[in-house]
Amino acid sequence: MQVHGAEAVLAAFARTPGDVAGARRVARQFADLDEGERSALLWSEDAGARLVAVVLLVQAMRAHPDPELTDEYLAAAKAERFEDTVLVDVAAEELVGAPLVGGSTGPLFALAKSDVSMVRRIAVVATLAFAKQGDAEVPLAIAGRLVRERGATVQSALGWVLRETGKRASEAALVAFLERNGRFLSPAARATATEHLPPAERDRLRA
């Protein structure tokens, strides 16, 4: 019997190591999967199915930017379907952040207020799209809203995004942010945020 649609995707993914690279290979193979089948994967109980679905959404956004792809992604996140941070880290920048560059950033601040920690992580990771355009203001503003949060879901994203903001947008703005707010970061997040700085500066900000 020939297997079609979501079942075929899962069968193909089962033949990979089960990682992001495997999900990307499968997504390329099933690029023409219809929206209903993709949705079935996204809302599946199977973690691998959700990973492939998120990669398919990113792939679709690259081919034909569409706000409905963002909405589909965020609906699943807000419904607490994302248990693994990789579902945020591979997609939030392109599905959520990039469409907002040059427009209103209000949606990011709304996400930062979510009761769902994975949605708040999306708000943080999405700002990479701004940092990569040389804009430190938006990433640091979102980080400022969430820096006091204790959970690792958000703190680990803060460390990563702050580091990238310092490298790609403004080292001076990052240092000023850390002087004001560094004490609120977890030690691991602070270490990540400062790892690219000159040794003396790094040591001062980690103290």
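1. R168 and E164 both belong to helix α12, which spans residues 152-168, and they sit 4 residues apart, about one turn of the helix. Their side chains meet in a salt bridge with an N to O distance of 2.9 Å. R168 counts as partly exposed, its relative accessibility being 44%. The model under discussion is a predicted one.

2. E164 has a further partner in R163, with which E164 forms a salt bridge whose closest N and O atoms are 3.1 Å apart. E164 is buried, since its relative accessible area of 8% falls under the 20% limit for that class. R163 is buried as well, with a relative accessible area of 17%.

3. Through salt bridges that share partners, R163, E164, K167, R168 and E195 are joined into one network.

4. Helix α12 also contains T153. T153 is partly exposed, with a relative accessible area of 23%. The C-alpha atoms of T153 and D84 are 9.5 Å apart in space, while the two residues are 69 residues apart in sequence.

5. A salt bridge elsewhere in the chain pairs R121 with D89, and the closest N and O atoms of this pair are 2.9 Å apart. R121 lies in helix α9 (residues 117-126) and D89 in helix α6 (residues 86-89), so the pair ties together parts that are 32 residues apart in sequence. Side chains of opposite charge can pair when their charged atoms come close.

6. The two partners of that bridge may also be described by their accessibility. R121 is buried, with a relative accessible area of 5%. D89, by its relative accessibility of 26%, counts as partly exposed. For the structure as a whole, the number of salt bridges is 13.

7. D32 is placed in the loop between α2 (20-29) and α3 (35-42). D32 is exposed, having a relative accessible area of 69%. Between the C-alpha atoms of D32 and A169 the separation is 37 Å, and these residues are 137 residues apart along the chain.

8. With regard to the overall fold, the protein chain has 15 helices and 0 strands. Its radius of gyration is 18 Å, close to the 17 Å that the globule rule gives for 207 residues, so the chain is as compact as a globular protein of that length. Taken along the principal axes, the C-alpha atoms of the protein chain fill a box of roughly 65 × 35 × 30 Å. Of the 207 residues in the protein chain, buried residues make up 50%.

Methods. Residues numbered from 1 in each chain as written. Predicted model: local features only at pLDDT ≥ 70, side-chain atom pairs only at ≥ 80, totals over all residues. Heavy atoms only, no water. Salt bridge = Lys/Arg side-chain N within 4 Å of Asp/Glu carboxyl O. Helix = DSSP H or I, 4+ residues; strand = E, 2+ residues; numbered from the N terminus. Buried < 20%, exposed > 50% of the residue type's maximum accessible area, 1.4 Å probe, protein only. Rg over C-alpha atoms; globule rule 2.2 N^0.38 Å.
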